[in-house]
Amino acid sequence: MAALPDLAEWLVNSNDAFNISLVSPSKSGLRLIGSFHPNFTYPIFGDEEKIFGYKDLKISLRFRANDMRPHLETTYSKKLSPPAGVEEPTDINAVLQDGSHLPKVAFVKSSDFESSSQQLGDKWTPPGTLQETINGPDGQYEVWKGSLEDPAIKQLNSRVQILVPLLIEGGSYIGQNPESDSSDIDLSDANRWTVFFLYRTQNSDEEPDKKSYVFVGYSTVYRFFYFGRPLTPPPESGDDWELPDGNFDLRKLPCRTRLSQFVILPPFQGKGNGAKLYKSIFQHYHKHDQTYEFTVENPNEAFDDLRDVCDLTFLKAIPDFVDLKLDSSVTIPKKGPVPNLIVGGERLEKIRLAAKIAPRQFHRVLEMYLMSQLPASVQPSMLFEDARPRPTQADKHLEKLWQLIVKQRLYRHNREALSQIEQAERIDRLQETLIGVELEYARILAAHERAAGHSLSPSQPNGKRKWDEAADDSVSKKARVDDA
């Protein structure tokens, strides 16, 4: 009886085996622009991120850099011929095709992909409409946008959507239920989705009067109905008013706009490209009459940094926001309600509504701005303590006002959890979280200062929301205090 093979030898790490590359079509063939490995493959190959049945496995996923047509090619030195009782090697093509990860065009012969790339050359232009042209230190960039209803936008989205689970932790496809095992995709709400694409452009080598496009990243945006005051008031009197019949254009209704997916390809990260795309999207919806509020779905820590720096830059261009400052004349009472601690604080909601920034984000950025206005003697920073001047009593008073503003927000957000613990521990937990907030804001303000003179360079602007400021989910053990 033959001995069973050592199955551990036939397991391959799917992150290492999977290589993604961008190639540019040219008359002489395909030119490599950049390549990278995915951050995650567990949504495709399972939680252990292992592929069974191969040795020296290489999964090459090439994208044509302009229209992002994909091509998959798998190579290996050996493939297991399993004896009885041993599972078959992973069918890689079936996993990627049956799970709606890649369109069918990705599985054609390599020669077909290469010949069609040479034929296409630089004749391709992005689908949708040109949103903005941006001049950068390394070339010119363009932001294009379109509705997911547009067949060309839908096709491009189907080609690049695999980048979402590969680069965003917990990322899922538009129209796919992440709680379900089904790979079915429902795009019945495609009219609510807008897709923004960022490209780097340059003059074509083949035809100087045309542009050559390289895909840099993209973002998807979803529109929710905004439950607020109606755009037009109902009639004051009369019996001739009727309810609408339901046949109306959803694009004309007031909405809350939510940025959902945001991907910058790794070869283009660390160069301010995330900021280019985010600013273009935000500015578009800030001018969009139907958008009442712009929100972001579950950003991770790096995207939070990008958003904070961009939003702070935007708000500092608003005179009413810049005029806000701590009210040094306020005396903090030992008991009773706390007075308004900000000069101009009665205008906060008006400023926020005009900026169309969600409440949590607006108040966090406001706290950053007010912290940046504190005297150097008490302003939290990344510098060593011995580099600080000695604080005056007035400096300490302003510091206390600012800390109280932050603690008020933290307490409101965590009221239910904090109400279940003793007052002394409640104070300790708030103080502990405040220290974390100070360090976080100091780091972001330092990034903002760098961005003011150069360009924003977040390292990994892809992913889900970071774990909030917390030590334990169990209130019975220790209260969780979120920085939110």
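A crossing of two helices is called left-handed if the near helix is turned anticlockwise from the far one by less than a right angle, and right-handed if clockwise. With that in hand, here are my notes.

1. Some background: this is a predicted model, in which local features need pLDDT of at least 70 and side-chain atom pairs count only at pLDDT 80 or more, while totals for chains, interfaces and linings use all residues. Residues are numbered from 1 along each chain as its sequence is written, and side-chain values use heavy atoms, leaving out hydrogens and water.

2. Helix 11 (residues 359–372) passes helix 12 (residues 393–413) in a left-handed crossing. Their axes (lines fitted to C-alpha atoms over the stretch in contact, with angles from 0 to 180 degrees between N-to-C directions) come within 10 Å and cross at roughly 165°. That makes helix 11 roughly antiparallel to helix 12 (an angle over 145 degrees).

3. Who meets whom here? On the helix 11 side are His363, Arg364, Glu367, Leu370 and Met371, and they meet Trp402, Ile405, Val406 and Arg409 in helix 12 (contact is heavy atoms within 4.5 Å). The residues of this contact divide into five nonpolar, one polar and three charged.

4. Do have a look at helix 8 (residues 301–315), whose 15 residues reach 21 Å from first C-alpha to last, close to the 21 Å expected at 1.5 Å a residue. Twelve of the 15 are buried (under 20% relative accessible area), among them Phe303, Asp304, Arg307 and Leu315.

5. Leucine 187 lies in the loop between helix 6 (163–167) and strand 11 (193–203). Leucine 187 touches Leu148, Lys154, Ile174 and Gly175, leaving aside residues up to four places away in sequence.

Key: Helix = DSSP H or I, 4+ residues; strand = E, 2+ residues; numbered from the N terminus. Expected span 1.5 Å × (residues − 1). Buried < 20%, exposed > 50% of the residue type's maximum accessible area, 1.4 Å probe, protein only. Parallel < 35°, antiparallel > 145°, perpendicular 65-115°, else oblique. Nonpolar A, V, L, I, M, F, W, Y, C, P; charged D, E, K, R; others polar.
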